There are 2 protein chains.
Amino acid sequence: MLPSPVLVIGTGLIGGSLGLALGGAGVEVHVQDVSPGTTSLAVELGVGRVRRADDADPALVVVAAPPDVAAALVAQALEAHPEALVVDVASVKRVVLEDLRARAAAGELTADDLSRYLGTHPMAGREVSGVIAARADLFLGRPFVICPHEGTRRGAVARLRQIATELGSLPVVMEAARHDEAVARVSHAPQVLASLLATGLLEAEEQALELSGQGLRDTTRIAASDPRLWVEILGANARALLPVLGDMQERLAGVADALSTMQGDPDPAVGSRRELARLIADGNRGVARIPGKHGSGTDAFATVSVMVPDSPGELARLLTETGQIGVNLEDLHLEHSLGQRVGVAHIAVIPSHEDLLTRELARRGWSVLEG
Amino acid sequence: MLPSPVLVIGTGLIGGSLGLALGGAGVEVHVQDVSPGTTSLAVELGVGRVRRADDADPALVVVAAPPDVAAALVAQALEAHPEALVVDVASVKRVVLEDLRARAAAGELTADDLSRYLGTHPMAGREVSGVIAARADLFLGRPFVICPHEGTRRGAVARLRQIATELGSLPVVMEAARHDEAVARVSHAPQVLASLLATGLLEAEEQALELSGQGLRDTTRIAASDPRLWVEILGANARALLPVLGDMQERLAGVADALSTMQGDPDPAVGSRRELARLIADGNRGVARIPGKHGSGTDAFATVSVMVPDSPGELARLLTETGQIGVNLEDLHLEHSLGQRVGVAHIAVIPSHEDLLTRELARRGWSVLEG
């Protein structure tokens with residue numbers, strides 16, 4: 001059984017989405033935000049309701065606030081709700097834990113208090129922010145990091161795993177410091193470099209921007225992120241992020257040196273070419289390490305790909321038959337090249353339906369492509 | 001009327017796709033590649049046929065070879081086909097033009113020869129390469145840059161505009177040097193930074209990579225590009241690329257300084273925060289300058305978005321009715337949130353069908369969303 005009631009402190013995108021998801025799973029959700037207007041909006045959007053004096057004490061408190069205020073709010077919650085498990089969801093975990101340890105060392109928190117704290121990082125996010133963008137399915141198929149510390153009480157991690165699974169996300173248990181190193185590489189450095197690239201567009205001529213392609217759009221998409229939030233995230237993870245950026249600075253300097261040499265000399269020493277080739281080739285190997293299908297936003301689903309003749313009604317027939325087979329279509333993408341006489345429909349279904357759909361469509365004469 | 005026959009020299013992805021597209025438009029296409037195997041494969045794939053002794057001299061020669069060999073092949077073609085317009089399609093334009101000018105200065109080419117040369121850059125590309133990946137629709141909706149020089153003969157630009165339009169691409173006329181500055185910002189710097197980011201993943205722990213999200217996938221997608229090709233492109237555009245990378249190095253150093261300060265001091269001077277906030281905020285403004293809808297791969301089409309009740313057969317019914325209305329569906333993407341009782345079908349159609357489909361679907365009772 002999930003813990004209930006749950007108190008969500010801070011109803012932005014993440015807190016709001018957690019409230020919606022937990023509420024949908026039958027949990028009683030209470031909400032609280034530093035802004036009364038935001039609290040009202042969250043209530044109106046169905047995230048939860050405001051706590052009343054006669055409400056049971058929360059079994060779980062979720063502090064969904066930026067890293068710079070998370071520790072203070074966690075400490076308050078540990079004190080105010082002495083039976084509750086208290087988690088934060090900040091995108092960096094080490095500063096929050098160290099702040100709480102310092103409070104414990106200063107006698108502000110007891111070891112028992114600290115044993116009820118667990119850092120978490122449900123890794124979802126959109127370029128938009130605020131409770132208005134909250135969605136119950138925000139965490140579906142996304143990693144949900146759980147960071148126990150040396151004093152975490154027994155059973156707390158299992159509790160959080162259960163919640164993460166209920167949200168449809170994938171629990172990953174790792175130490176706070178290792179979490180921070182990981183997100184420095186897979187999230188924070190990409191943010192810095194995407195912003196750098198986008199910044200370079202400020203000086204581009206109008207006509208130059210007409211040459212923008214999908215590569216530029218993809219590499220800069222996250223440059224649309226919220227500055228206020230990212231100043232806190234990057235600042236709070238400076239320790240893990242600096243060495244990662246340092247390596248990139250060094251490598252970039254090497255690339256610039258190689259380019260300088262090649263600019264002056266049309267047939268340069270082989271070292272310059274090798275430097276560039278190594279950058280791209282190492283990049284090839286690095287990108288190949290990313291798990292899952294590239295560009296797919298539906299990792300939680302299995303995809304069945306079917307050839308569809310390019311004649312009227314064929315796609316409709318495919319979908320009608322998919323329904324007859326009893327399989328629910330979660331997403332659909334049609335790949336269709338001009339000049340080709342067939343298209344390919346990629347049908348996303350829950351993984352347990354993949355075999356059934358593949359078998360039944362083949363039996364009805366459809367060409368199902370091998371994964 | 002399009003020039004015919006056209007001789008395509010170099011049948012990789014770009015040359016092959018141009019051959020397919022021109023052939024589809026009724027042009028007689030001849031192919032030639034330094035590799036006999038590649039030539040045969042191109043012929044087999046329908047790109048064109050090998051020139052015969054009794055063939056008419058080409059009206060247009062397309063040199064589709066990497067920047068380091070493009071100028072030599074253009075010079076040969078200008079000499080071998082004294083009536084033909086000769087274009088190259090290399091991704092950098094200044095080095096090719098300067099090489100040809102040097103040949104003219106050395107008396108290898110006449111001014112008349114040079115007047116028949118025009119640089120072009122059809123801006124398409126996929127992470128895959130080779131003629132096997134060629135597609136007739138590769139250039140659809142993409143910029144097709146045409147770079148005339150001071151000696152380009154009258155009518156040549158108009159000729160190329162016509163070809164670009166026939167391919168479904170968007171002609172953009174600009175000087176070679178300005179083209180190179182533009183692609184340094186919108187294509188080459190993104191390649192370098194994407195490769196840098198991906199290189200950083202080589203040192204990541206296995207578990208860290210489990211935290212990869214869409215942001216990392218998007219920022220590193222182009223890191224899967226071909227090293228051999230990119231060494232040539234980056235090297236050939238060193239002059240335009242170096243100042244762009246130099247600005248980014250400087251800015252990155254500023255960000256690293258700010259992070260160092262914030263690491264040592266939990267409440268640093270306001271300057272450090274401002275440096276980070278400015279990076280992200282400038283990035284916001286930069287990314288907003290990119291024309292077109294972000295993440296859309298179907299810019300050439302109009303999208304009609306329709307609410308679809310989440311009950312069996314509704315999507316099939318929508319597509320059946322779309323066919324009945326007489327509109328061809330070019331692409332389809334279904335947006336479907338868990339817990340929501342409706343989905344949204346985004347139907348891509350050719351722009352001239354947008355109004356018809358919107359009106360007729362509405363008349364049949366579908367909720368069509370406002371663009």
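Me: How many residue pairs are in polar contact between chain A and chain B, both at pLDDT 80 or more?
Reply: This is a predicted model, where local features need pLDDT of at least 70, side-chain atom pairs count only at pLDDT 80 or more, and totals for chains, interfaces and linings use all residues. Residues are numbered from 1 along each chain as its sequence is written, chains are lettered from A and ligands numbered from 1 in the order in which they are written, and side-chain values use heavy atoms, leaving out hydrogens and water. A polar contact is a pair of N or O atoms within 3.5 Å; within protein, one must be able to donate a hydrogen and the other to accept it, and residues adjacent in sequence count only if both atoms are side-chain atoms. For chain A and chain B, the count of such pairs comes to 24.

Me: Which helix of chain A gives the most to the side that touches chain B?
Reply: Helices here are DSSP runs (H or I, at least four residues), and strands are too (E, at least two), numbered from the N terminus. With 18 residues, the top contributor is residues 176-200 of chain A, helix α7.

Me: How many salt bridges does the rule find across the interface of chain A and chain B?
Reply: The rule wants a side-chain nitrogen of Lys or Arg within 4 Å of a carboxyl oxygen of Asp or Glu. A:E203 and B:R185 make one, at 3.9 Å from N to O. Across the interface, the tally is 10.

Me: What area is buried between chain A and chain B?
Reply: Contact (heavy atoms within 4.5 Å) takes in 113 residues from chain A and 113 residues from chain B. Buried area is the accessible area (1.4 Å probe) lost on putting the two together, summed over both. Carbon and sulfur atoms give 64% of a total of about 10,400 Å².
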